[in-house]
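Biologist: I am new to this one, and I would like to get to know it step by step. Could you show it to me and take my questions?

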Amino acid sequence: MQSEVLAALRRRHAPMTAYDVLRDLRAAHPKIAPPTVYNALAALTKQGRAHRVESLKAYIACQCDGHQSASILSICEDCGMVEERLAPDVLTTLSGILGESGFAPQRHVIEVHGICATCGAGQTP
């Protein structure tokens with residue numbers, strides 16, 4: 001089921017909620033239940049093959065294969081596209097700053113909302 005959920009995320013090229021994935025898979029699996037999708041998404045997220053976009057309560061397929069660091073997600077407010085970038089130095093710096101006060105980060109979620117290059121091409125500054 002994980003491979004089918006991941007395939008659904010990749011087909012969409014946009015964030016999907018668990019219920020979006022459920023609707024997508026219902027054609028092939030009419031009796032699929034929400035817990036099945038949630039379990040697959042949890043496993044894919046744990047494996048780093050998918051990411052939860054916290055601010056949208058949705059998921060995307062990982063766009064940077066084989067990385068061990070947290071991602072920085074840029075989210076377009078116009079078209080909804082999410083792009084993943086890696087910047088391990090940013091996360092190291094952030095953890096260091098937080099660590100100065102004794103805070104121990106356990107997971108990083110960095111999301112930046114704005115306008116993508118495609119949507120912003122027609123806008124004047």
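Modeller: Here are your questions and my answers, from the whole chain to single residues. This is a predicted model, in which local features need pLDDT of at least 70 and side-chain atom pairs count only at pLDDT 80 or more, while totals for chains, interfaces and linings use all residues. Residues are numbered from 1 along each chain as its sequence is written, and side-chain values use heavy atoms, with hydrogens and water left out.

Biologist: Happy to start simply: in what order do the elements of the protein chain run from the N terminus on?

Modeller: Helices (H or I, at least four residues) and strands (E, at least two) are DSSP runs, numbered from the N terminus. The protein chain has five helices and five strands. Its elements run α-α-α-β-β-β-β-α-β-α.

Biologist: What share of the 125 residues of the protein chain counts as buried?

Modeller: Buried means under 20% relative accessible area, exposed over 50%, and partly exposed in between, with a 1.4 Å probe and protein chains only. The C-alpha atoms fill a box of roughly 50 × 45 × 25 Å along the principal axes. Of the 125 residues, the buried share is 29%.

Biologist: Which residues of helix H2 are buried, and which helices do they pack against?

Modeller: Helix H2 covers residues 18-26, and its buried residues are Ala18, Asp20, Val21, Leu22 and Leu25. An α-helix has 3.6 residues a turn, so residues three or four places apart point the same way. The buried residues of H2 pack against helix H1 (2-12) and helix H3 (34-47).

Biologist: Which residues touch the most other members of the largest nonpolar core?

Modeller: A nonpolar core is a set of buried Ala, Val, Leu, Ile, Met, Phe, Trp, Tyr and Cys residues joined through side-chain atoms within 4.5 Å. The largest one has 17 residues, and those touching the most other members are Val5, Leu9, Val21, Leu25, Val37 and Leu41. At least two residues of this core come from each of H1, H2, H3 and strand S2 (58-61).

Biologist: And what does Leu41 contact, leaving aside its neighbours within four places in sequence?

Modeller: Contact means heavy atoms within 4.5 Å. By that rule, the partners of Leu41 are Val5, Leu9, Ala18 and Tyr59.

Biologist: How many residues does the second, separate core have?

Modeller: Val53, Ile60, Ile75 and Val82 are among its members. Its size is five residues.

Biologist: What kind of aromatic pair do Tyr19 and Tyr38 form?

Modeller: Rings of Phe, Tyr and Trp (its six-membered ring) pair if their centres lie within 6.5 Å; planes under 30 degrees apart count as stacked, over 60 as edge-to-face and the rest as tilted. Tyr19 lies in helix H2 and Tyr38 in helix H3, so the pair ties together parts that are 19 residues apart in sequence. With centres 6.3 Å apart and 75 degrees between the planes, the pair is edge-to-face.

Biologist: Is Asp20 buried or exposed?

Modeller: Asp20 lies in helix H2. Not counting residues up to four places away in sequence, Asp20 touches Arg12 and Pro15. Its relative accessible area is 18%, so Asp20 is buried.

Biologist: One more, please: which residues does Arg52 touch, not counting those up to four places away in sequence?

Modeller: Arg52 has its place in strand S1 (residues 50-53). At 28% relative accessibility, Arg52 counts as partly exposed. The residues that Arg52 touches are Lys57, Ala58, Tyr59, Leu73 and Glu111.
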